[in-house]
Amino acid sequence: MPGLLQWLDEFAGPTLFEFAVSPTLKILALLFLFVLPLISYIVLAERKILGYIQARVGPNRVGPWGLLQPIADVVKLLLKEDVIPVRAVRWAFVLAPCLVVAPAFVIFSVIPFGPPSTGEGAPNWFITDVNTGLLLVIALATIGVYGLIIGGWASNNKFSLMGGLRSAAQMISYEVPQGFSVVVPILLAGTLSLVGIVQAQEGHQLFGLLPRWFVFHPTGIFAFFVYMVAGIAESNRNPFDLPEAETELVAGFHTEYSGMRFALFFLGEYANMIVVSAIAVTLFFGGWLPPFDFLGMAFLPMGLGGVLWFVTKLFAFLFVYIWFRGTFPRYRFDQLMDLGWKWLIPMALILVVLTALLKLLFPS
Amino acid sequence: MSDAIRSANDTVANNTVAHDDSVFGAEEMELNFGPQHPSTHGVLRLKLKVDGERIVDCYPIIGYLHRGTEKLFELNPFFQNVPHTDRMDYVAAATNNLAYVGAVEKLIGLTVPPRASYIRVLLCELQRISSHLLWLATHAIDIGAMTPFFYCFRERELVLDLFEQYCGARLTLNCMRPGGQPFDLPHGWVDTCREFLELFPAKIDEYENLLTNNRIWKKRTIGIGVLSPEVAVEYGITGPMLRASGIDFDLRKAMPYEIYDQVDFEVPLAENGDTYDRYLVRMEEMRQATRILEQCLDQLPEGALMAKKARVLKAPKGGEVYHGIEGPKGEIGFYIVGDGKPIPHRCHVRAPSFINLQSLPELVSNHMIADLVAIIGTTDIVLGEVDR
């Protein structure tokens, strides 16, 4: 492997290596070593946890404790016939799943899974630290919804169309409060860089009893609430899973999708879940920071302690997602818009103003 | 229940959707909802005219499960028709059995021994519980709450086990005969039943914990599909749907059959006639069914199981009879005409699902598609009975 890298370095030249080859390799490594296994095992975890919530066992036939179930699922989906309805708009039908998956994966490139390099041999635990990182995240997250709308339209199925329409409605209702709610941590941190935002949450408050995470800030906690509700709505999860409400719209926008194309929508949904959770951890729960310094696991090499803390927090959020799914009924589409426009947007706006005022009055 | 479970002013005043499409030139879309749709509870087909998600017009189309049951009744001797009744409302076979054998007994003039009567009531109330559990399971999952589905099926399993112990079947029970009961309660059945009754009220609380005060559940059900008492009576709606609209009519109280006049229970009522009230009424009915079952087990007499009767049951010439009982879904009744032969000359079924389903277009007008699903769930139809 090092030989290969060296060869690439020589072949491509230092500039090209630094700006094209190295990030590509990093992205591929992140995707195939972290994100895809994570997604497939979250699906398994979801089925297991839902099973235990619902007084049943969940998958336990493929491999020990069902651990090979994700592999069986992927093989099944790959072997399925790929049906494109005759009267579908072919190019849009093919494009839609990619539009959902690709942006969700790109976002992973700016998420800091761990601290930046602490010295000799320790890597940066992120692919890149863009100074407008948060804007990039919001912009990319918005693109994903187009996949749903286009997929719903292109299928030439009335139920799919309604699913697409619902996701359009959902998008305009929830992008806005989400956008406003992330302004609060931006104001508090004074930077758009995700690494910078985490670094701004270092230290403790209240005589060292509470970490200075933004969720423990008087306005930050409400901003977190708004962000989380909007984030769940954006990732189309229960109780906001309207675009694919299976009892109302059969399967919503992906009614006509089968095989791997369906799997891509599926991947996109779970990737979005992880993205929303990861951003929530980064913005409000101090990213890779431990709650107290003595829990920091500093003895682990290469800043791995921080990565562990990040992943722990991430899993906590993912668990909450699954918990919600086991608990709540589904909102109706107009009620969801009510919630977005009448509650979340005003609340987020007020929070932005309040945070700015607080910042103005108490600059420290 | 003397006072309603929920007072009228509890209603969210305007939970339906206001709409104005004068601004954009909107077009209505025709949408075939079913017969293969996950939440039409079988093979109901609805031809919908929708304006966006708002339902302008709803036209139910039935008959996809038509098996000519009523005609089949004319081909068999009286006692051989009992299995056909199982297959009408296939989640409530015992009440169907009772309605049919009750009608035959009335026609021929048989008196059922008390022990058989008690066993029948036991089976019917268990059936009410199991039918309501299935309703709650599907209704909740229609509205998106996934978990109650599994909880309900867990307890329904216990009821089905009780049926299995009694007659060997779990779904299509075929557990009654004209004149009495075919078998006695097996050894240990009463104890198993008592165990279930001890455990069950806590389980109802568990379902209610998940749903009754859940804000989303309330938002999705309160004020949805309001059935006014007048309309309910005009359509001839019976059962929990009627009682949720505030009309106190329960055949178990109004015209007691079997031994219902000897047990103490209340008929739950509500006032608003919306989806939430129908939910509350059915939940309370399950609790009352538990009460009835307990009393039946306490009072269970010894004695014969079968009335004295001729070896071949023959209906009197020109005899005709209607016998209705309170099924889980409403009044299930059989109208039988005899002509001196051992087979019915004509048999007609008053199927509560069919009659309750008629109100659907009225209930869903001006609601959203998501509400339609909630309303279909709350009418608690079984297509086997609608189409017969």
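Reader: What does Leu210(A) touch, leaving out residues up to four places away in sequence?

Author: Leu210(A) touches His204(A), Gln205(A) and Phe216(A) once those residues are left out. Two residues are in contact if their C-beta atoms, placed from the backbone, lie within 7 Å. This is a predicted model, in which local features need pLDDT of at least 70 and side-chain atom pairs count only at pLDDT 80 or more, while totals for chains, interfaces and linings use all residues. Residues are numbered from 1 along each chain as its sequence is written, and chains are lettered from A and ligands numbered from 1 in the order in which they are written.

Reader: Which strand is Leu210(A) in?

Author: Leu210(A) is in strand β2 of chain A, residues 210–211. Strands (E, at least two residues) and helices (H or I, at least four) are DSSP runs, numbered from the N terminus.

Reader: Why does Leu210(A) count as partly exposed?

Author: Because Leu210(A) has 14 C-beta neighbours inside 10 Å. Buried takes 20 or more other C-beta atoms within 10 Å of the residue's own, exposed 12 or fewer, and partly exposed is in between, with C-beta atoms placed from the backbone.

Reader: And how far is Leu210(A) from Phe292(A), C-alpha to C-alpha?

Author: Their C-alpha atoms are separated by 8.3 Å, with the two residues 82 apart along the chain.

Reader: Helices next. How do α6(A) and α11(A) pack?

Author: Helix α6 (158–189) and helix α11 (333–361) of chain A pack at about 15 degrees, with axes 9 Å apart. Axes are lines fitted to C-alpha atoms, for helices over the stretch in contact, and angles run from 0 to 180 degrees between N-to-C directions. α6(A) and α11(A) are therefore roughly parallel. That label is for angles under 35 degrees; over 145 is roughly antiparallel, 65 to 115 roughly perpendicular, and the rest oblique.

Reader: What sort of residues make up the contact of α6(A) with α11(A)?

Author: 20 nonpolar, 5 polar and 2 charged. Nonpolar covers Ala, Val, Leu, Ile, Met, Phe, Trp, Tyr, Cys and Pro, charged covers Asp, Glu, Lys and Arg, and the others, Gly among them, are polar.

Reader: Chain B now. Which strands form the open sheet with β5?

Author: The order is β4-β5-β6, with antiparallel pairing. The edge strands are β4 and β6 (346–350), each pairing on one side only. Two strands pair if DSSP finds at least two bridges between them.

Reader: How many bridges join β4(B) and β5(B)?

Author: 7 bridges, between residues 320–326 and residues 331–337. Tyr322(B) stands opposite Tyr335(B), and Gly324(B) is bridged to Gly333(B). The two strands form a hairpin with 4 residues between them, and Gly330(B) in the turn has a positive phi of about 145 degrees.

Reader: Which residues are on the covered face of β2(B)?

Author: Leu46(B), Leu48(B) and Val50(B) are on the covered face, with Arg45(B), Lys47(B), Lys49(B) and Asp51(B) on the uncovered one. Val50(B) has Ile55(B) in β3(B) as bridge partner, and Lys49(B) is the bridge partner of Glu30(B).

Reader: Last one. How many residues does each chain give to the contact?

Author: Chain B gives 27 residues and chain A gives 24. The side of chain B that touches chain A has 16 nonpolar, 5 polar and 6 charged residues.
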